[in-house]
Amino acid sequence: MAQTADHAIGIDIGGTGMKAGIVDLAAGELISDRVRIPTPEGATPPDVLSTAKDLVGLLGDAAEGLPIGVCFPAIVKNGVTLSAANISDEWIGLEADKLFSATLEHEIHFVNDADAAGLAELEFGVAKGQPGLSIVTTLGTGIGSAFLFDGKLVPNTELGHLIWRGTDIEKWASASARERDDISWSEWAARLQEFYAHVEFLFSPDLIIVGGGVSKNPDKFLPLITSRAPIVTAQHRNNAGIIGAASLALG
Ligand code: BGC
């Protein structure tokens, strides 16, 4: 297929699943199926790289020649991964963008997963045109965050690693903690309430956006959370990472 100027591939690498799709960046929408492969056990660099190659393969001929953006659950600075919370420690200090470029034979743009979700909401979603500070939180295997201030992303904020009750708050309040501890939605909402109240006290956002897979079921927990700022679900839900990563691929 001839390269289409406003189409790009987004790959979203999570602690549990790796997902990809082709995005129309004029509309901010997926124009292909969303393909998914479970994240390989241990999430080591070679296994994640070969799974990323398989994912692009699943997108078929339409993916050929398109630029690729990859979002990843770690601090990312200048294409280098600097942390590893729900993935192998071997990622710390790796030139991930170069490794992906070599494996996928494409130029790669690499970004933190929550920052990608934030960019999708900023360009195509509920944060578009919002003045002041919007805080996007992604509730999944961990808790990711993106700060959007007056239309610009402030990258690598890592609110999931606030220390709360002696541990990283994501270990206690993420969506995977709810499943691990087998607690009810209202018990989980009580944990989230502590998280959001603390975040609100620290940063006084104007808008709080809740994303991640669990934002498909907002009625189960969102009405139980109170906040000063409005708290809303992400428009792109589980596709935000793919869309945001793809939007960076076009530069
Ligand atoms: C990582 C973040 C990531 C978040 C959501 C955290 O454990 O440190 O970089 O955004 O999980 O995947």
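Good morning, colleagues; please note that the model before you is predicted.

I begin with the sheet. Five strands make up an open sheet, and their order is β11-β10-β9-β14-β15. The pairing among these strands is mixed. Which strands stand at the edges? They are β11, residues 152–154, and β15, residues 231–233. Each has a single partner strand, so one side of each is left without a neighbour in the sheet. On average, and with direction ignored, neighbouring strands of this sheet are turned by 30° against each other.

Let us look at one pair. Strand β9 covers residues 133–139, strand β14 covers residues 207–211, and the two pair in the parallel sense over 5 bridges. Within this pair, I135 is found opposite I208 in β14.

Next, the helices. Helix α3, residues 113–124, lies across β9, β10, β11 and β14, and runs at about 40° to β10. Helix α6, residues 185–203, lies across β9, β10, β14 and β15, with an angle of about 150° to β9.

Finally, I turn to the ligand. Which residues are around the ligand? Among them are P73, A85, N112, D113, H161 and E170. The side chain of D113 has an N or O atom 2.5 Å from an oxygen atom of the ligand. For the side chain of N112, the corresponding distance to a ligand oxygen atom is 2.9 Å, and for the side chain of E170 it is 2.9 Å. The ligand on its own has 310 Å² of accessible area, of which the protein covers 94%.

Thank you for your attention.

Key:
Residues are numbered from 1 along each chain as its sequence is written. This is a predicted model: local features need pLDDT of at least 70, side-chain atom pairs count only at pLDDT 80 or more; totals for chains, interfaces and linings use all residues. Side-chain values use heavy atoms; hydrogens and water are left out. Two strands pair if DSSP finds at least two bridges between them. Helices (H or I, at least four residues) and strands (E, at least two) are DSSP runs, numbered from the N terminus. Axes are lines fitted to C-alpha atoms, for helices over the stretch in contact, and angles run from 0 to 180 degrees between N-to-C directions. Contact means heavy atoms within 4.5 Å. A residue is near a molecule or strand if one of its heavy atoms lies within 4 Å of it. A polar contact is a pair of N or O atoms within 3.5 Å; within protein, one must be able to donate a hydrogen and the other to accept it, and residues adjacent in sequence count only if both atoms are side-chain atoms. Accessible areas come from the Shrake-Rupley method with a 1.4 Å probe; for residues, only the protein chains shown count as cover.
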